[in-house]
Amino acid sequence: VATVLSQQSFDLDFYDFDYEGEKDEKDKDLTANLALMNTAEHYGVTDIDWDPSGRFVATSASVWKHRMENGYHLYDFRGQLLREDPIDQFKQFAWRPRPERLLSKEEQKTVRKNLREWSKQFEEEDVARKNTANRAVVEQRRRLLDEWLAWRERTTAELRQEREEEGLPAISPEEAVAKDEPSEEGEGKYVEEILEEILE
């Protein structure tokens with residue numbers, strides 16, 4: 001409820017017409033179930049426009065009606081102020097129209113009725129897609145590992161062949177690493193190297 005184009009009153013009252021609670025003593029005689037949710041103020045309000053969904057309302061003060069505090073306010077359906085924007089020479093506020101629904105009333109009812117069954121079907125398809133993607137990742141990793149193992153085996157064989165051609169004993173890389181590691185008794189080879197010595 002609002003008064004527009006008035007210099008004395010610029011209150012906006014937001015009522016709930018589906019109120020199901022108990023009425024106040026002063027409202028006992030009212031037959032309608034309504035309750036005041038919120039009260040707001042917009043000085044010089046000239047226009048009120050509800051958005052097509054009914055969830056938001058815009059109040060505006062147009063320069064076409066007066067030149068004082070032009071701009072607009074946005075509220076939700078409960079009367080909570082969401083945005084206040086004073087704009088010089090503000091003329092008009094308009095909501096973008098909502099497109100018409102693609103489904104007829106009967107088709108919408110069918111969708112609502114079968115939504116649970118279709119949701120299960122869509123969830124199963126999503127899980128199948130996810131599993132397929134996971135399987136593809138695992139197969140890719142396995143293929144890369146196989147390629148690396150084949151490369152390692154090929155390189156090791158080439159190294160053995162080169163050592164034989166040079167007349168060196170064939171030592172596998174594993175044996176070479178095991179040979180360089182210290183034994184369990186703590187025996188090991190320690191090399192100390194001085195890179196640079198500075199005298200002061």
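1. Helices (H or I, at least four residues) and strands (E, at least two) are DSSP runs, numbered from the N terminus. The model is a predicted one, in which local features need pLDDT of at least 70, side-chain atom pairs count only at pLDDT 80 or more, and totals for chains, interfaces and linings use all residues. Residues are numbered from 1 along each chain as its sequence is written, and side-chain values use heavy atoms, with hydrogens and water left out.

2. An open sheet is formed by four strands in the order S3-S4-S5-S6, with antiparallel pairing; two strands pair if DSSP finds at least two bridges between them. Strand S3 (47-50) and strand S6 (81-86) are the edge strands, each pairing on one side only. From one strand to the next the twist averages 15 degrees, where axes are lines fitted to C-alpha atoms (for helices over the stretch in contact) and angles run from 0 to 180 degrees between N-to-C directions.

3. Strand S5 (residues 71-76) pairs with S6 in the antiparallel sense over five bridges. Tyr72 has Asp85 of S6 as its bridge partner.

4. Helix H1 (residues 105-166) comprises 62 residues and reaches 87 Å from its first C-alpha to its last, close to the expected 92 Å; the expected span is 1.5 Å times one less than the number of residues. A kink of about 60 degrees in H1 is centred on Leu115, the bend at a residue being the angle between axes fitted to the seven residues ending there and the seven starting there. After H1 comes Gly167, whose phi is positive, near 85 degrees.

5. The buried residues of H1 are Gln108, Asn114 and Thr156. Here buried means under 20% relative accessible area, exposed over 50%, and partly exposed in between (1.4 Å probe, protein chains only).

6. Thr46 is located in the loop between strand S2 (35-41) and S3. Why does Thr46 count as buried? Thr46 counts as buried because its relative accessibility is 5%. Its side chain makes a polar contact with the side chain of Asp47 (3.0 Å); such a contact is a pair of N or O atoms within 3.5 Å, where, within protein, one must be able to donate a hydrogen and the other to accept it, and residues adjacent in sequence count only if both atoms are side-chain atoms. A polar atom of the Thr46 side chain also lies 3.0 Å from the backbone nitrogen of Ser62.

7. His66, in the loop between strand S4 (56-61) and S5, counts as buried because its relative accessibility is 13%. A polar atom of the His66 side chain lies 3.2 Å from the backbone oxygen of Met68. Not counting residues up to four places away in sequence, His66 touches Gly44, Thr46 and Ala61, contact meaning heavy atoms within 4.5 Å.
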